[in-house]
Amino acid sequence: IGGGYRFYRFSFFSEDRFHEPHAWFELALTHGEHRLSAMYSYAYRRMPAERDPPDLHDRSESEHAARLLWEILFAGIVTLGIGLEYDHIRGTDGWMQEDALKAVLGLEVEWRMIDAGVAYVPGLMWLENEGMGMLNRVSVWAGGRYPEWIRYGLEYRYDDLMEIDGLQAEVPYDRHLALFTVTLRWGISTPGSGVHPAVEAGAATTETIVVSAGHATFRAEAPEASSVSLAGSFNGWQTPGPVFEGPDEDGMWILELDLPAGRHELVYVIDGETVTPRNAPAYASDGFGGKNAAILVP
């Protein structure tokens with residue numbers, strides 16, 4: 001659930017500007033490195049009459065938008081996505097009466113340590129009354145999270161719409177945008193089939209989990225074990241997951257792992273048995289009478 005404010009400046013006309021409050025609701029399902037999201041948003045835009053060239057009336061329009069997007073995360077910082085978006089736009093001027101369908105392929109690079117990144121999103125845009133065009137979007141943003149479930153940020157975006165088939169020159173889509181947004185996020189983690197961790201499962205171990213920005217270090221004391229791996233909500237509870245190295249001379253197994261920001265639940269798999277890590281930052285019910293370790297990655 002989110003909301004924000006946008007300031008548009010079109011370069012198609014002379015000094016045309018829009019002020020826009022907007023709000024959205026998004027449902028996202030994640031599985032390992034994959035993310036499928038559906039979003040609905042509403043926006044109201046207003047262009048003051050005092051501008052150059054002068055006009056006798058304010059301009060305004062409202063937009064309802066629906067989007068379906070599939071994304072894949074690579075190396076924890078690069079996202080490739082493909083999606084479909086439908087916009088229903090109605091306003092005071094003729095060129096504001098539009099129904100637009102967008103097919104989008106996007107590439108995004110995000111530095112999660114400071115929640116900043118850049119993105120290039122090309123796509124096809126079909127306007128009901130105006131034809132088809134090629135939409136090119138470049139954006140740069142920076143922000144933060146505090147606490148974890150509140151995300152805020154500033155973004156600059158440039159959109160350019162190029163004619164492909166019958167797109168009329170009167171469509172003003174060459175624009176600069178400045179955005180301020182605040183998003184509230186609530187996540188639910190669900191265990192996969194076949195993983196039923198219990199606190200007393202397997203041999204006694206002593207674990208320490210250290211979490212930093214986009215990264216976590218896992219330690220498991222199991223000197224007699226032949227293999228130790230990790231399973232959790234971050235990989236859809238698939239086994240075997242990331243494999244620990246060890247044991248060292250103290251019987252300790254160690255795993256260094258990059259993780260996306262957010263809340264993750266996990267268990268160790270020692271010689272095929274699921275074991276709840278000890279000394280974890282927090283715990284959560286696994287839904288089967290046992291517990292998962294829970295960590296929060298900034």
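Which residue forms a salt bridge with Arg175? I looked it up with the caveat that this is a predicted model. I found Asp159 as the partner, with the closest N and O atoms 3.0 Å apart. I then placed the two residues: Arg175 is in strand β10 (residues 175-184) and Asp159 in strand β9 (residues 150-165), 16 residues apart, so I noted a link between distant parts of the chain. I checked burial and found both Arg175 and Asp159 buried.

Entry on the other salt bridges. I have 14 salt bridges in the structure. I looked at Arg45 and Glu20, whose side chains meet at 2.4 Å, N to O. Arg45 lies in strand β3 (residues 34-47) and Glu20 in strand β2, so this pair ties together parts 25 residues apart in sequence.

I next took Glu265, which forms a salt bridge with Arg263, the closest N and O atoms being 2.9 Å apart. Here I found Glu265 buried at 6% relative accessible area, whereas Arg263 is partly exposed at 42%.

Entry on aromatic pairs. I found 2 of them in the structure. I recorded Tyr8 and Phe18 as edge-to-face, with 6.2 Å centre to centre and 80 degrees between the planes. Tyr8 sits in strand β1 (residues 2-10) and Phe18 in strand β2 (residues 16-31), 10 residues apart. I marked both Tyr8 and Phe18 as buried. Phe244 is in the loop between β13 and β14, and Tyr268 is in strand β15, 24 residues apart. I noted Phe244 and Tyr268 as buried.

Entry on cores. I looked up the largest nonpolar core and counted 22 residues. Phe244 and Tyr268 are among those with the most contacts inside it, along with Phe218, Leu230, Leu259 and Ile295. I listed the elements that give two or more residues to this core: β12 (215-221), β13 (228-232), β14 (252-258), β15 (262-270) and β18 (291-297). I also found a second, separate core of 6 residues, which includes Tyr8, Phe10, Leu177 and Leu179.

Note on methods
Residues are numbered from 1 along each chain as its sequence is written. This is a predicted model: local features need pLDDT of at least 70, side-chain atom pairs count only at pLDDT 80 or more; totals for chains, interfaces and linings use all residues. Side-chain values use heavy atoms; hydrogens and water are left out. A nonpolar core is a set of buried Ala, Val, Leu, Ile, Met, Phe, Trp, Tyr and Cys residues joined through side-chain atoms within 4.5 Å. Buried means under 20% relative accessible area, exposed over 50%, partly exposed in between (1.4 Å probe, protein chains only). Helices (H or I, at least four residues) and strands (E, at least two) are DSSP runs, numbered from the N terminus. Rings of Phe, Tyr and Trp (its six-membered ring) pair if their centres lie within 6.5 Å; planes under 30 degrees apart count as stacked, over 60 as edge-to-face and the rest as tilted. A salt bridge is a side-chain nitrogen of Lys or Arg within 4 Å of a carboxyl oxygen of Asp or Glu.
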